[in-house]
Amino acid sequence: MSAQDSKIIISGVVVDNKGNHIAGAIITGSNNQTSVANETGEFALTVDRSSPLIINAPGYKTTSVEAKSDLQTIILESSEMVQVAFNKVDKADVLGGVSSVNIANMLESNYTTFSLDNLSGYIPGYHGNIWGMNGKLILVDGVPRDEFNVLPSEIEEITVLKSSAALVLYGSRAAKGVVSIITKRGAEKKNRFDVRLNTGILTPKRYAEYLGSAESLGLYNEAIVNDNISIVNNPSYTSEAELANYASGVNPYRYPNIDFYSSDYLRKFSTRSEIVTEYTGGNEKAQFYVNVGNYNTSGLIDIGNGKKEGENRFNIRGNLDIKLNDMITSKINTSVTFYDGNSAQGNFWGNAATLKPNLFAPLIPLSYLEKADEKTQNYIATSPFIIDGKYLLGGTSTQQTNPFADIYTRGIIKGTYRKYQFDASLNFNLASVLKGLTFDTQFAIDYNTQYSQNIDNNTYAVYSPGTPNTNPPVPGWLTDGDGDYIPTLTKLGADLNNNSRSLDNAYQRQTKFFSGAFKYKFDYDRVHNFSTMLIAHGYTLAESEVYHAIGNANLGFQFNYNYKNTYYADFSQNMVHSARFAPKQRDAFSPTVSVGWRISNEKFLSESNFIDDLKLTASAGILNTDLDYDANTGYNLYKTSYSSNNGSFFSWQEGRQLRTTDVLRGENYALGFERRKEISLGLEASLFKNMIQVSASYFYTRFLGIPGQNVNAYPNFLSVNNPSPSSFIPYANFEGDQREGYDLGISFNKRVNKVDLNVGFVATYYDTKAYTRNDVLYADAYQRRAGKPIDALYGLKSDGFFSVADIAAMANKTPGAPVPQSFGAVKPGSIKYVDVNNDGVVDNNDQVYLGRGGYAGSPLTLGLNATAKWNNFSLFVMANRTSGSYGFKNNSYYWASGINAKYSAAMRDRWTEATAATATYPSLSTGNNGDNNFRNSDFWLYKNDRINLARVQLSYDIPKAVLSRTFISNLGFYVNGSDLLTISKEKQHMETNFGAAPQMRYYSLGLTAAF
């Protein structure tokens, strides 16, 4: 066959999946011959026989087909457009560090109630933070806003920008990542009305387990004995007879046993109900989207004003797109939110963790007062607070507040929140000036206001049985042939039923935002593709009682080039400005460079039968930021500051005292921005006809120049502690943090028999290091922070418990006796620590690195989401795993010491001589046992590793054929559950909140309909 015979002339037409012709599509054959489709999508090209053709067109996925003489029609699929900084681009052209999820599609099988709920199950590199960095910037429709004020039903898509190149145009405040939320918009189609009804219950995962009166008093008796305190006439010692009375419950008012988590006070579940309506429509000139929603919740407390606890939220969002003429289009977005929440006065959940069960009876039944004296009968007659007509409020001289009395008598706190948001943009097509030139501008202004009303803020008296301070004292309880009774009461405090209202916690916030961008796109024969943008933007955020508003101003520039959608290059930069620094330090230049290579367009991969698309990217950049400067004190840190308001004094010999003037810092006019320096690599692939999608990233980031006072650089006499702490040392940019890690996302789509499967897997791993630290205070290398993780936990190494023999050996100074410990007296059952530096004493110099604390999330996070559709049924499952971080069990539930300590179930495993071999808790003490036992050490360390079953939803849609003769176009039902299961060795601890409302599981039923 001659060379000429191996050539064929092909012709055809390029269309989209709706049959519309695609003008300007580039058809590339062997030896890089190209043809450009004309206005009707037609093309002709001479190519090698059976060679592949690669078809590129803006807004469509790159497609490869085999050249055939009878080739007629090539169908291109629309490509996915992704929101990046101030622009929407084809997902195929994004140069790494960007991930997105379509929330509108996700809600069809996974209904959520919070805008960022379970986002880590879809977005690699995100787990509440981005690449392990706290401080992300939240944008809603391009404006800095709260994510809490937009619900999932209002959202179209969420994009997470991770790499420095993706962030740079957003400027200083975006240096730790951006979450961009885009709300829904109208469409040029038949008007559509959607409604969603959702109702559910929330059940507590678990409550903290505190010991009852009998058991806790018995353990306190044990602590008295441990401390060698005499039990004779000791009022803190409880007799066996009294312990029996507490245990039997014979009279719970005389022998109280308060269980805050009892069904006497709490419901088994709380509720959440919601209705959301959406109206969408428009024509060629205007498109609109309206969302009107309302939800309300109830609380768990089931007594007094606790029954009124709950939230109610009503919102209206309206988005409008207008085509003013062929040159100008506009977008107008508005949102109004009315939010009200009721909570009972007092601190019920906080008291649940601190109030001892035997301290007093919160309610005193009137039935026990029938034989009481005249004074007590007068209390009953005049009290405005007879609870349920049967009880007076109980208390003691040392406990004149009563959390149950607070709930019954003090009224409620009504929180009122109002949020008003408005933004508008104008988009100018300046093709009449220069083809491809546009100008976009946006302005936004938001108002947030809130305040709380203390309604019926009453005061109350409490009553204590008996009169201990009279002569002779009258006992609290007496017993006769009819049983127990109270002869008299002591009144503590005064009643005031004022039915008043007062305002508190008033807060206002105003945000103003402006941006303007010139954009220019042009190409040369659709082979050389250029785009550039010049963007100026900024915002101010002013808060009540904050002296200086947060300000952000940026001037950005971007230039992007690609050759045949195969080779990419991008240069982006931002000139950032901050008023936090001295005048000559307020501006900084932030440059980034990115490159990309779509390998799948190369000839050596063009015949691959399993690679649809394969792209490699790399970027590097420097971002200047002021994020780590506190909003209140971060201004003027470069100036010397003095204070005389700290209450410190110095004394003269004759006894006079004068207030000191203290130096807070010295001056440093060179103080400026910290810098995020980064290199990142990315890979994106589509395999087996889009059955598998893969994205992966590697990042190496250093934050340099974090502000702090570097005492290493100055003589020690510039920092003193007497008569009060003072320091002439200025703030400087000297600390540094380092992060390095990977993220991975894989999705699998396939139809198996009649089941459509969609499985997504995401993974993130990152390591951190304190790159530069002030370690002058640490003489030993093992305590120095530099080189350790940023969130490192430090503490002592434990070595079991002191035995009776150990204590005797220490007292007798026997050779080989345990090393003395400097944290207070020890006794049998006290925690024994290791003398790490072998200096003969255990002290704070023996603290060592124990593990990562995970303040920005666990080092390794995995997420799995799976959807299976069969006929009209859909099953969705989401699970996640976190591992690699640690925490301390160091709250009052575990660290209970002193006479007022509330004992928990953890104390059941305490050390005694009988349990010395199995004990997991130190021996009990009445004193400040925390001096030795209750300090950070590996004894209290636990691993945060867990697997969570985050969401399960089963949905069913009524067949279209059934609805065909009705006015309903879609009708569906679903049932789902959230936070259903935790698998962990530390499950009990992880699922328990201490001193706060419990963690909840959510079960709901829903209905969706479209008209």
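Does Tyr207 count as buried, partly exposed or exposed, and at what relative accessibility? In this predicted model, Tyr207 has a relative accessibility of 24% and therefore counts as partly exposed, since buried residues lie under 20% and exposed ones over 50%.

In contrast to Tyr207, which is partly exposed, Tyr261 counts as buried because its relative accessibility is 15%.

The largest nonpolar core comprises 46 residues, of which Phe260, Tyr261, Leu266, Phe348, Tyr903 and Met907 touch the most other members. Two or more residues of this core come from each of α3 (213–226), α5 (348–352), α7 (403–409) and β46 (831–833). The greatest contribution is that of α3, with four residues. When residues up to four places away in sequence are not counted, Leu266 touches Tyr207, Phe260, Tyr261, Leu300, Ile301, Asp302, Phe348 and Trp349. Another core, of 30 residues, lies apart from the largest one and includes Met106, Ile123, Met133 and Val160.

A further aromatic pair is formed by Tyr698 and Tyr742, with a centre-to-centre distance of 5.3 Å and an angle of 45 degrees between the planes, an arrangement classed as tilted. Tyr698 is located in strand β39 (residues 692–709) and Tyr742 in strand β42 (residues 731–752), so that this pair ties together parts 44 residues apart in sequence. Tyr698 has a relative accessible area of 21% and is therefore partly exposed. Tyr742, at 48%, is likewise partly exposed, because the exposed class begins only over 50%.

Aromatic rings also meet charged side chains. The charged end of Lys176 is placed over the ring of Phe703, at 5.7 Å from the ring centre. Lys902 lies over the face of Tyr210, with a distance of 4.6 Å to the centre of the ring.

Key. Residues are numbered from 1 along each chain as its sequence is written. This is a predicted model: local features need pLDDT of at least 70, side-chain atom pairs count only at pLDDT 80 or more; totals for chains, interfaces and linings use all residues. Side-chain values use heavy atoms; hydrogens and water are left out. A nonpolar core is a set of buried Ala, Val, Leu, Ile, Met, Phe, Trp, Tyr and Cys residues joined through side-chain atoms within 4.5 Å. Buried means under 20% relative accessible area, exposed over 50%, partly exposed in between (1.4 Å probe, protein chains only). Contact means heavy atoms within 4.5 Å. Rings of Phe, Tyr and Trp (its six-membered ring) pair if their centres lie within 6.5 Å; planes under 30 degrees apart count as stacked, over 60 as edge-to-face and the rest as tilted. A charge sits over a ring if NZ of Lys or CZ of Arg is within 6 Å of the ring centre and within 35 degrees of the ring normal.
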